[in-house]
Amino acid sequence: MTAALSETAKPRLARGVRLQQDKARGGYVLLAPERVLEANGTAVAVIELCDGERTLAEIVDILASRFAVDRERVASEVETLLRDLATKRMVEL
Amino acid sequence: MSLLPPLPAPLGLLAELTHRCPLACPYCSNPLDLERRSGELDTATWLRLFEEAAALGVLQLHLSGGEPAARSDLAALVRGASRAGLYTNLITSGIGLDAARLGALAEAGLEHVQLSVQHVRAAEADRIAGLSGAHAKKRVFAGEVGRAGLPLTINAVIHRANIDVVEEFVREAAALGARRIEVAHSQYYGWALKNRAALLPSAEQVAETRATVERLRVELQGTIVIDYVAPDYFGRFPKPCMNGWGRQSLNVTPSGRVLPCHAAETIPGLGFWSVRERPLREIWQESPAFNAFRGTGWMREPCASCPRREVDFGGCRCQALALTGDPRNADPVCMHSPARALITAALEEARRSHEQFAYRRYVPATTKAANPLTAAAEG
């Protein structure tokens, strides 16, 4: 198992990666070098908060309160998503 | 048309801005019959096309060629594409783009740079590219991309003359600050098909490359992403070419003809429509070339009844044509193709071959050996 992400990390999308509404097909997509990833509602909510200013802890707090979900569950989902995007070099932590 | 389900919109558009290129790589996928500068679309037509592409649903624009930097209006094209909301990717040799021009592209909204590298050693790289000094310029350019803050992908087309240095390619790309590397085996179209006997590696080399890539992916996870494009001649099933004809992407040639893939013009009898004459949406939906091999209705056996017919879409139409003489045949790479022996024979021919490269040049050659980039500057 990989170590937990630091709660003080300030994630942000790497340069050359952006979230965009997909008018033709509906929903949102993450556009990156040679990649188009469909972003579901959860992913959009997380990525929109990744501005390089907010800490991971703050992002989790905001989402837990917005969706009235258990904080630990939110933390785990956010970490899984961000770790995956970091491995793809799409998010900087 | 109204009885059919709506056609999905394309995701990506490859704009071959020009066929002019300072390099002469023998694996080039451009057609043998290269487009002259006088036939290229003007700035305004490209910009209109980018607007139409975004409205149609295209998300990513790949600015390619030839060498796109041979167009003096490249920054204007990037700006227009960016304004239209397209994700802009520059596919370049890195020759002809200094820091100032690159800075102007970044400022115009360029989002990603893909740089081709031919080898890890300068002498070999320059020999493959057919241009002395090219490799050193590419290394400088890679540094400039980093300084401009742009994400960099290294594209390494793999063949017999560089397959022994795949590991060094990946390590060098990481050292150059690239976020991604494409370890892409040559695909045998255009100039590459002409040079096939000199380019095809052996099955043992291919297996070793695959293992090297797997090992490096684990070791370098989080540092560099390695995309691997397998060589289809060594597979049992064909590649799902373009993820299906006319399903996700389109190509526009320097003079504005719209193609389902870069090699489609090799197929005789297809009607290609031009952006000079029609809107892109109409071309995507109605052009005879796009509809010729959409879906599965065109298929013959063994494709028509194959359970994989919507997995690999019968493979590649251009390869079926080039090797069997009929684009409706199964891709001969497929183990079920009656023409599979052609692939085996090509591999055997390459194993015995000591052929020299036939470099990508404008043919027939003009009396004046014009450098395409100099020609651009003169104009």
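The model is predicted, so local features need pLDDT of at least 70 and side-chain atom pairs count only at pLDDT 80 or more, while totals for chains, interfaces and linings use all residues. Residues are numbered from 1 along each chain as its sequence is written, and chains are lettered from A and ligands numbered from 1 in the order in which they are written.

**The sheet**

Select β2(A), residues 18-21, and β3(A), residues 28-32: four bridges join these antiparallel strands. Strands are DSSP runs of E, at least two residues long, and helices are runs of H or I of at least four, numbered from the N terminus; two strands pair if DSSP finds at least two bridges between them. L19(A) has L30(A) as its bridge partner, and Q21(A) has Y28(A). Six residues separate the strands of this hairpin, and G26(A) in the turn has a positive phi of about 90°.

**The core**

Next, select A53(B), L61(B), I154(B) and I181(B), which touch the most other members of the largest nonpolar core, a set of 120 residues. Such a core consists of buried Ala, Val, Leu, Ile, Met, Phe, Trp, Tyr and Cys residues joined through C-beta atoms within 7 Å; buried means that 20 or more other C-beta atoms, placed from the backbone, lie within 10 Å of the residue's own.

**The helices**

Finally, select α2(B), residues 74-83, and α3(B), residues 99-108, whose axes are 8 Å apart at an angle of about 15°. Axes are lines fitted to C-alpha atoms, for helices over the stretch in contact, with angles from 0 to 180 degrees between N-to-C directions. Contact means C-beta atoms, placed from the backbone, within 7 Å. Residues of α2(B) including L74(B) and V78(B) meet A104(B), L105(B) and A108(B) in α3(B).

How values were computed:
Buried ≥ 20, exposed ≤ 12 C-beta atoms within 10 Å, placed from the backbone. Contact = placed C-beta atoms within 7 Å.
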